[in-house]
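Q: I would like to learn how to read a protein model step by step. Could we take a few features in turn, with the general idea before each case?

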Amino acid sequence: MIRGIILLGTNLGHKRENLVRAAEYISTYASILTISSLYESPAWGYQSDSSYLNQALDVTFAGDPEELMDHLLETERAMGRTRNAQGYEDRPIDLDILTVDGVVHHTPKLQIPHPRMQERAFALLPLQEVRPNWEHPIFEKTIGQLVAELPEFECVKVGY
């Protein structure tokens with residue numbers, strides 16, 4: 001059994017409904033322990049007229065991280081996500097494994113902890129909410145330290 005944090009994001013369609021639907025899918029293969037508030041932010045890494053809603057789930061899963069990622073990718077496909085190899089784009093749902101307790105994992109398919117999470121307020125703020133004592137296993141910094149080191153960012157809590 002593994003325990004980890006999944007980040008959900010959406011900027012197309014009925015965003016709150018997309019997050020609820022994604023959590024429902026995830027609950028069919030993982031146990032959801034805690035759900036963060038919703039956080040709104042502009043697109044990261046590309047230009048978009050549509051802001052994102054993000055949320056973190058603290059989950060347990062009876063399998064390994066790559067199996068969990070396979071389930072998450074299938075959930076994205078079921079919700080209408082198609083991945084573009086050319087970079088970031090608007091999407092109905094985006095599911096990422098931010099971290100798995102006690103795991104540092106680097107393969108072409110999956111990197112844990114997520115390699116850019118420390119640059120993203122929309123990932124760190126919901127993570128901090130569900131795991132306020134979390135420490136980055138590579139940087140050896142607490143979630144509070146990582147949040148404090150963020151540059152100016154636009155990311156606001158908008159409810160549940």
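Predicted model: local features only at pLDDT ≥ 70, side-chain atom pairs only at ≥ 80, totals over all residues.

Q: Is Glu140 buried or exposed?
A: Buried means under 20% relative accessible area, exposed over 50%, and partly exposed in between (1.4 Å probe, protein chains only). Glu140 has 59% relative accessibility and therefore counts as exposed. Phe139, which has its place in the loop between α3 (121-130) and α4 (143-148), is partly exposed, with a relative accessible area of 39%.

Q: With which strands does β3 pair?
A: Two strands pair if DSSP finds at least two bridges between them. Strand β3 (residues 38-41) runs antiparallel to strand β8 (residues 156-159), with 3 bridges joining them, and β3 also pairs in the antiparallel sense with strand β4 (residues 52-61) over 3 bridges. Glu40 has Val156 as its bridge partner in β8, and Glu40 stands opposite Leu53 in β4.

Q: How many salt bridges does the structure hold?
A: Side chains of opposite charge can pair when their charged atoms come close. A salt bridge is a side-chain nitrogen of Lys or Arg within 4 Å of a carboxyl oxygen of Asp or Glu, and the structure holds 10 salt bridges. In one of them, the side chains of Arg131 and Asp58 meet at 3.1 Å, N to O. Arg131 lies in the loop between α3 and α4 and Asp58 in strand β4, so this pair ties together parts that are 73 residues apart in sequence. Arg131 is buried, with a relative accessible area of 11%, and Asp58 is buried too, with a relative accessible area of 0%.

Q: Which residues are linked with Arg131 in a network of salt bridges?
A: Arg3, Asp58 and Asp101 are linked with Arg131 in that network.

Q: Which peptide bond is cis, with omega near -5°?
A: The bond from Ile112 to Pro113 is cis, and Pro113 is found in the loop between β7 (111-112) and α3.

Conventions. Residues numbered from 1 in each chain as written. Heavy atoms only, no water. Helix = DSSP H or I, 4+ residues; strand = E, 2+ residues; numbered from the N terminus.
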